[in-house]
Amino acid sequence: MIIKQLSIFLEDKTGSLARVTGILAQHGINMSAFCVADATDYGILRMVVARPELASDILRNHNYSVHINDVVCLKLKDVSGSLNKALKVLSDNDICIDYMYAYASTDGVAISVMHSNDNNRMIEVLQNNKMELMPASEML
Amino acid sequence: MKYWRQDIECIDREELVKLQSRRLSEMVKRIYHNVPFYKNLFDQKGINPNDIKDISQLNELPFTTKKDLRDNYPFGLFAVPQSEVVRLHASSGTTGKPTVVGCTKNDLEMWSEVVARSLTMAGITNRDIMQVAYGYGLFTGGLGIHYGVEKVGASVIPISTGNTKKQLQLMMDFGSTAIACTPSYLAYLAESIEENGVKDKIKLKRAVCGAEPWSEELRRHIQEILGIKAFNIYGLSEVIGPGVAMECECQNGSHIHEDHFVPEIINPETGDVLPYGEVGELVFTTLTKEAMPLLRYRTRDLCTLNIEKCECGRTLVRMGTILGRSDDMLIIRGVNVFPSQVESVLMDIYETTPNYVLTVDRKNNLDTLEIKVEIADKFWTTEIREIENLKKRIAQSVQSTLGISAVIKLAEPHTLSRSEGKAVRVIDNRKK
């Protein structure tokens with residue numbers, strides 16, 4: 001249930017995000033979810049894509065600094081209170097979330113990309129509480 | 001073969017002084033009678049060239065500066081008629097008129113000789129294939145090394161600068177065992193070799209690097225990546241070009257060919273000669289050069305001299321690493337800063353590459369220093385706070401090494417300019 005996330009170091013300048021998305025578009029790679037964490041003069045683009053190793057190779061060939069790490073994708077009903085329920089389960093089990101980002105699709109499902117201090121335990125806790133996780137095979 | 005000219009390179013220092021004194025006495029008369037600039041200078045100071053008989057009198061004689069070369073552009077300092085000049089070189093002249101350097105046949109012979117000695121010091125023999133990746137042309141680097149390689153009897157590949165793909169191609173196809181180029185270009189080549197995964201296809205063993213100052217850390221970095229030994233060669237076109245001084249296998253200072261070039265270290269402010277071991281401006285007197293002999297030429301390079309006999313057996317004085325040029329030295333908030341110091345800090349930080357640009361500015365009457373450095377290809381984190389920690393770590397290291405604070409900015413990999421010639425790493429906006 002581990003999903004591979006790509007992190008890319010980007011300088012804070014006009015067009016730098018567009019360059020990355022341009023390269024991905026050129027190679028037909030779809031970003032399932034992404035977010036930009038920004039500091040004063042740079043940012044980190046984090047994203048979940050269907051073929052992370054391929055995307056990483058392509059970006060490295062374009063001289064980007066790319067890091068791959070593990071995240072967990074939680075499937076939630078796109079209704080009020082569903083995220084809260086999941087978060088409560090995690091906090092009750094003393095799991096601290098480092099960062100997360102989410103997207104909602106049109107079919108009433110919201111996906112939340114999460115990274116915690118202990119991803120494996122997070123998976124275990126969520127599954128024990130009947131929460132649905134997204135397997136890597138479902139990434140498109 | 002360990003030495004090219006053992007009789008000179010391991011000469012007894014008393015014998016050397018005699019040789020130098022004889023040559024100086026002759027040289028002083030030569031410039032007095034053939035170069036109006038020196039005649040005027042001597043006459044103004046009331047110096048009679050016939051009185052100069054010993055090398056210890058050198059400090060009584062006037063200096064020659066870069067400005068004197070420019071003022072006498074193009075051939076005003078030549079001591080021979082044009083008919084005896086067989087080669088002309090010129091500096092790039094980025095800061096004014098170019099400076100011209102002429103050579104007679106004997107000068108070229110002497111130059112090849114000192115380069116041959118130098119290459120031998122670095123262990124290069126007639127069994128080597130040497131790629132000369134210095135610029136061929138007006139710049140003395142390419143042709144200067146070239147004739148020395150031929151004199152040693154090694155096979156020379158006159159590839160000149162740039163075209164990294166071709167450099168690597170020939171390095172693999174011809175099996176180059178040695179290369180001569182600037183250290184920053186060698187670092188760039190090393191990176192390309194790593195990136196292309198062709199390290200096992202090259203036979204490189206030795207590199208002769210010069211034309212810009214480099215740090216011990218950069219040397220280590222290059223040596224480790226390529227598994228070679230990299231040696232410093234020193235020279236400047238005004239004096240002759242590459243081959244004025246060279247490191248031996250001990251890699252502990254560069255031996256100056258003192259039978260041709262007499263070094264002094266002076267206080268750049270007062271012009272006083274400093275004792276061995278002290279940092280100051282390097283000054284050269286060319287004893288044997290015919291076309292354009294120079295008396296006490298101020299190089300503006302800052303270093304030390306070491307008179308102790310070297311473990312390699314050579315008695316020739318050694319100059320230390322160039323700590324900077326007296327005009328490259330940045331004075332930031334009253335502190336002397338050399339770009340090479342920043343380089344040595346960055347070499348120890350594995351999350352970055354040694355590619356950097358220093359920007360100095362003045363805001364509200366206070367000097368500011370910004371160091372922009374490239375992040376390494378292999379990104380190691382996904383957390384902003386870890387990048388902030390890295391910036392803090394670099395800033396602290398800069399603070400403790402340079403004694404001033406700096407703003408650290410990170411750049412994406414391969415975005416700062418790579419040099420195929422001399423690196424431009426300092427932008428000083430205060431001069432505007």
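**Figure 1. Polar contacts link domain 1 of chain A and domain 2 of chain A in this predicted model.** Between these two domains, 5 residue pairs are in polar contact, both residues at pLDDT 80 or more. The salt-bridge count here is 0. Four strands of chain A each supply at least two residues of the domain 1 side: S1 (2-11), S2 (31-38), S3 (42-49) and S4 (66-77). S2(A) gives the most, with 4 residues. By residue type, the domain 1 side divides into 7 nonpolar, 3 polar and 2 charged.

**Figure 2. Chain A is divided into two domains.** Domain 1 of chain A covers 2-70. Domain 2 of chain A covers 71-134. Their centres, taken over C-alpha atoms, are 23 Å apart. Domain 1 of chain A brings 12 residues to the contact, and domain 2 of chain A brings 11 residues. Together the two domains bury about 960 Å². Of that area, 60% is on carbon and sulfur atoms. Which residues of domain 1 of chain A lose the most area to domain 2 of chain A? They are A:Ile2, A:Ile3 and A:Asp70. Together they account for 41% of what the domain 1 side buries.

**Figure 3. Chain B in outline.** Chain B has 11 helices and 21 strands. Its C-alpha trace spans about 75 × 55 × 40 Å along the principal axes. The radius of gyration of chain B is 22 Å. A compact globule with 432 residues would have a value near 22 Å, so chain B agrees with that expectation.

**Figure 4. Domain 1 of chain B meets domain 2 of chain B.** Chain B is divided into domain 1 (1-325) and domain 2 (330-431). The contact takes 21 residues from domain 1 of chain B and 17 residues from domain 2 of chain B. The C-alpha centres of the two domains lie 30 Å apart. About 1,400 Å² is buried between them. Carbon and sulfur atoms carry 53% of this area.

Figure 5. How many salt bridges cross the interface of domain 1 of chain B and domain 2 of chain B? The rule finds 0. Polar contacts are found in 2 residue pairs, both residues at pLDDT 80 or more. Helix H8 (183-195), helix H9 (216-226) and strand S15 (324-325) of chain B each supply at least two residues of the domain 1 side. H8(B) gives the most, with 5 residues. The residues of this side divide into 7 nonpolar, 9 polar and 5 charged.

**Figure 6. Chain B touches chain A.** The contact takes 22 residues from chain B and 26 residues from chain A. The two chains bury about 1,800 Å² between them. Carbon and sulfur atoms hold 51% of that area. There are 2 salt bridges between the chains. One of them joins A:Asp41 to B:Lys391. The closest N and O atoms of A:Asp41 and B:Lys391 are 3.4 Å apart. On the side of chain B that touches chain A, the elements giving two or more residues are strand S19 (366-375), helix H11 (384-402) and strand S20 (407-411). That side of chain B divides into 10 nonpolar, 4 polar and 8 charged residues.

Methods: Residues are numbered from 1 along each chain as its sequence is written. Chains are lettered from A and ligands numbered from 1 in the order in which they are written. This is a predicted model: local features need pLDDT of at least 70, side-chain atom pairs count only at pLDDT 80 or more; totals for chains, interfaces and linings use all residues. Side-chain values use heavy atoms; hydrogens and water are left out. Domain bounds come from an automatic or database domain assignment. Contact means heavy atoms within 4.5 Å. Buried area is the accessible area (1.4 Å probe) that two parts lose on being put together, summed over both. A salt bridge is a side-chain nitrogen of Lys or Arg within 4 Å of a carboxyl oxygen of Asp or Glu. A polar contact is a pair of N or O atoms within 3.5 Å; within protein, one must be able to donate a hydrogen and the other to accept it, and residues adjacent in sequence count only if both atoms are side-chain atoms. Ala, Val, Leu, Ile, Met, Phe, Trp, Tyr, Cys and Pro count as nonpolar, Asp, Glu, Lys and Arg as charged, and the others, Gly among them, as polar. The radius of gyration is taken over C-alpha atoms; the globule rule is 2.2 Å times the number of residues to the power 0.38.
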